[in-house]
Amino acid sequence: MAKIKKTLSEAIQERRATPSFDGTPIPPEDLKQILAAGLHAPSGYNMQPWRFIVVQSPEQKRRLRSASYNQGKVEEASAVIVACGDTDGWRKDLDLMLQRGRQGGMPESYAEQARSSVPNYLSSFSSSEMRAWLNKQVMLAFTHMLLMAEVMGYDTAPMEGFEQDKVHEVLRLPLSYWVVALLAIGHLKGADKFDGGRFEMGHTVFSEEFGKPLKI
Ligand SMILES: Cc1cc2nc3c(=O)[nH]c(=O)nc-3n(C[C@H](O)[C@H](O)[C@H](O)COP(=O)(O)O)c2cc1C
């Protein structure tokens with residue numbers, strides 16, 4: 001089963017946004033393990049509104065590169081996972097979500113409540129609110145995949161530098177899809193990127209309320 005090369009702590013400490021990949025193909029079983037990690041992520045109401053397009057062929061990577069401000073790593077990576085959200089996913093998948101939930105022991109009272117609260121909540125969203133909601137859900141699955149790939153010894157590059165319309169065209173995406181981010185996976189070629197460092201905890205973390213330092 002799992003091909004593990006690093007602990008999660010090591011992967012988090014050592015990970016860099018990879019500047020360049022050597023292009024070696026990724027074995028299908030590794031790709032499957034990475035994707036499965038994404039699909040195990042939690043999501044609001046367990047609606048799993050993410051959709052992933054895996055791009056591996058040289059022609060399609062070339063096209064995707066041209067939709068991504070010509071970023072070379074899109075073409076060099078072993079695989080690029082284009083992470084999308086489906087704005088209509090909850091309409092299509094509500095029954096499936098409930099069915100899976102019941103198989104896992106979801107109480108009938110929960111299922112009944114979800115059947116009304118999910119549509120009530122999500123149908124009230126404006127399109128920008130829906131995109132913000134999708135961004136949250138999809139990035140969590142994206143992060144699961146990124147970390148799984150790193151733990152397995154791959155190098156990764158998250159990317160937001162792409163043109164929504166162009167990616168839609170290249171991948172022939174349904175109109176209800178919203179492209180959230182690209183995850184390039186492969187093996188580093190050449191020198192790694194510098195370590196940009198991180199702000200001190202006191203700069204970004206507070207205790208109990210804004211402005212109070214957390215003492216740990
Ligand atoms: C959501 C997201 C989008 C990003 N988009 C790009 C991108 O399009 N091109 C790029 O070269 N780097 C991109 N990066 C990489 C960041 O620049 C990088 O993560 C940051 O500088 C910190 O460096 P590190 O990841 O090596 O610690 C992106 C990172 C994230 C999290």
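Colleague: Which residue has a polar backbone atom 2.8 Å from an oxygen atom of the ligand?

Modeller: Ala-17. I list a polar contact when a pair of N or O atoms lies within 3.5 Å; within protein, one must be able to donate a hydrogen and the other to accept it, and residues adjacent in sequence count only if both atoms are side-chain atoms. Keep in mind that this is a predicted model: local features need pLDDT of at least 70, side-chain atom pairs count only at pLDDT 80 or more, and totals for chains, interfaces and linings use all residues. Residues are numbered from 1 along each chain as its sequence is written, and side-chain values use heavy atoms, with hydrogens and water left out.

Colleague: What does Arg-16 do with a polar side-chain atom?

Modeller: That atom of Arg-16 sits 2.6 Å from an oxygen atom of the ligand.

Colleague: And which residue places a backbone N or O atom 2.8 Å from a nitrogen atom of the ligand?

Modeller: Glu-160.

Colleague: Which residues are around the ligand?

Modeller: Arg-15, Arg-16, Ala-17, Gln-71, Lys-73, Pro-158, Met-159, Glu-160, Gly-161, Lys-193 and Arg-198. A residue makes that list if one of its heavy atoms lies within 4 Å of the molecule.

Colleague: Switching to the fold. How many helices and strands?

Modeller: The protein chain has nine helices and four strands. These are DSSP runs numbered from the N terminus: helices are H or I with at least four residues, strands are E with at least two. The order from the N terminus is α-α-β-α-α-β-α-α-α-β-α-β-α.

Colleague: At what angle do α5 and α6 cross?

Modeller: Roughly 160 degrees, and the axes of α5 (residues 89-103) and α6 (residues 108-123) come within 11 Å. Axes are lines fitted to C-alpha atoms, for helices over the stretch in contact, and angles run from 0 to 180 degrees between N-to-C directions. The two helices are therefore roughly antiparallel, a label for angles over 145 degrees.

Colleague: What residue classes make up the contact of α5 with α6?

Modeller: Nine nonpolar, one polar and four charged. Nonpolar covers Ala, Val, Leu, Ile, Met, Phe, Trp, Tyr, Cys and Pro; charged covers Asp, Glu, Lys and Arg; the others, Gly among them, are polar.

Colleague: How far apart are the axes of α3 and α8?

Modeller: 9 Å, with an angle of about 160 degrees between α3 (residues 58-66) and α8 (residues 164-171). Gln-60, Arg-63, Leu-64 and Ser-66 of α3 meet Lys-166, Val-167, Val-170 and Leu-171 of α8; contact means heavy atoms within 4.5 Å. The classes there are four nonpolar, two polar and two charged.

Methods: Angles under 35 degrees count as roughly parallel, over 145 as roughly antiparallel, 65 to 115 as roughly perpendicular and the rest as oblique.
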